[in-house]
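I opened a new model today and kept short notes.

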Amino acid sequence: MKIATAAYPLDWLDSWSQYEDKLSRWVSEAAGTGADLLVFPEYGAMELATLDGADVAGDLESSIQSVSDKMEAAATLHQKLAAEHKVHILGASAPVHAGFARPVNRAEFYTPTGQRDHQDKQIMTMFERDPWDIAPGGPLKLFDTALGKIGVLICYDSEYPLLGRALAEADVILVPSCTEALAGYWRVRIGAMSRALEQQCVTAMSSVVGSASWSEAVDEGCGMGGIFGPPDTGFPGTGVIAEGTLNQPGWTYADVDCASIAHVRREGVVRNRSHWNEQESRAQHVVKQDLR
């Protein structure tokens, strides 16, 4: 498959047609290069709050409601574009009211055949906990697709090894992110690269980039697209298959062969994935030695 992962700027939108035009351009550009799987970032849908004006877009609670109200219309557009361009799309995530006590951070996944499902974020950052009060959503999912087995770890989730291990069958783990500083970008990138090492798979990270001064939640974005693999047989020695340019909007592309993932898992120089369980007995007891 060919993966396209976005460094995506949030824009002020004066009409729904502007959003349709923007998303159509992005999808058309990636599909025009032969991309099969498109990855948009965490909270990239927050730009939809601007359709209700500055007061709504600038207020945390009001912006949640505004965006949540528009996600079904956004889903219809994504389904249309996925079918038209014959691509799989992980849409930009959004805070949505989905039957939980509080809104959840949800990314929708679309196939070219009209199938649709979602992944909710599992572990909330400090800002999501307070003041935003975003809640953990439904369970982790493994999507069995025409491209292979695909999982999603939304931003902070990628920094937790046990969540990556839960997706050990995935060929590709998508990591949509939204980070305001370079340190945040690198935390998520290191997490994404670590999951690729541990589970001997490919991870694809997307980022929100640029300024959105109208929002208290996503006012600054720092990052770039990146596609990573295990630094082992059949993959680059750095583990970096492709990376974009920091804070420059656009797509980053890479060709990924699921056969190469199966090969490195079977015949790699190291076998992190298959040796994972050997940690368990050795981690149960730590010998404390006083060397003062």
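**Overall build**

I counted secondary structure and found nine helices and 14 strands in the chain. Helices are DSSP runs of H or I with at least four residues, strands are runs of E with at least two, and numbering starts at the N terminus. I then looked up the radius of gyration: 19 Å, close to the 19 Å from the globule rule for 292 residues, so the chain is as compact as a globular protein of that length. That radius is taken over C-alpha atoms, and the rule is 2.2 Å times the number of residues to the power 0.38.

I note that this is a predicted model, where local features need pLDDT of at least 70, side-chain atom pairs count only at pLDDT 80 or more, and totals for chains, interfaces and linings use all residues. Residues are numbered from 1 along each chain as its sequence is written, and side-chain values use heavy atoms, with hydrogens and water left out.

Along the principal axes, the C-alpha atoms fill a box of roughly 60 × 50 × 35 Å. I checked burial next: 52% of the 292 residues count as buried. Buried means under 20% relative accessible area, exposed over 50%, and partly exposed in between (1.4 Å probe, protein chains only). I also looked at contacts (heavy atoms within 4.5 Å). Among those between residues at least 6 apart in sequence, 66% join residues at least 24 apart.

**Aromatic rings**

I searched the whole structure and got twelve aromatic pairs. Rings of Phe, Tyr and Trp (its six-membered ring) pair if their centres lie within 6.5 Å; planes under 30 degrees apart are stacked, over 60 edge-to-face, the rest tilted.

I looked at Y8 and F40: their ring centres are 5.6 Å apart and their planes stand at 85°, so this pair is edge-to-face. The two sit 32 residues apart, Y8 in strand 1 (residues 2-9) and F40 in the loop between strand 2 (37-39) and helix 2 (54-57). Y8 is buried at 2% relative accessible area. F40 is buried too, at 1%.

I turned to W12 and W214, an edge-to-face pair with 6.2 Å centre to centre and 75° between the planes. This pair spans 202 residues: W12 lies in the loop between strand 1 and helix 1 (16-32), W214 in the loop between strand 10 (202-211) and strand 11 (220-221). W12 is partly exposed at 36%, whereas W214 counts as buried at 16%.

Which residues do ring pairs link into a cluster? I noted Y8, W26, F40 and W251.
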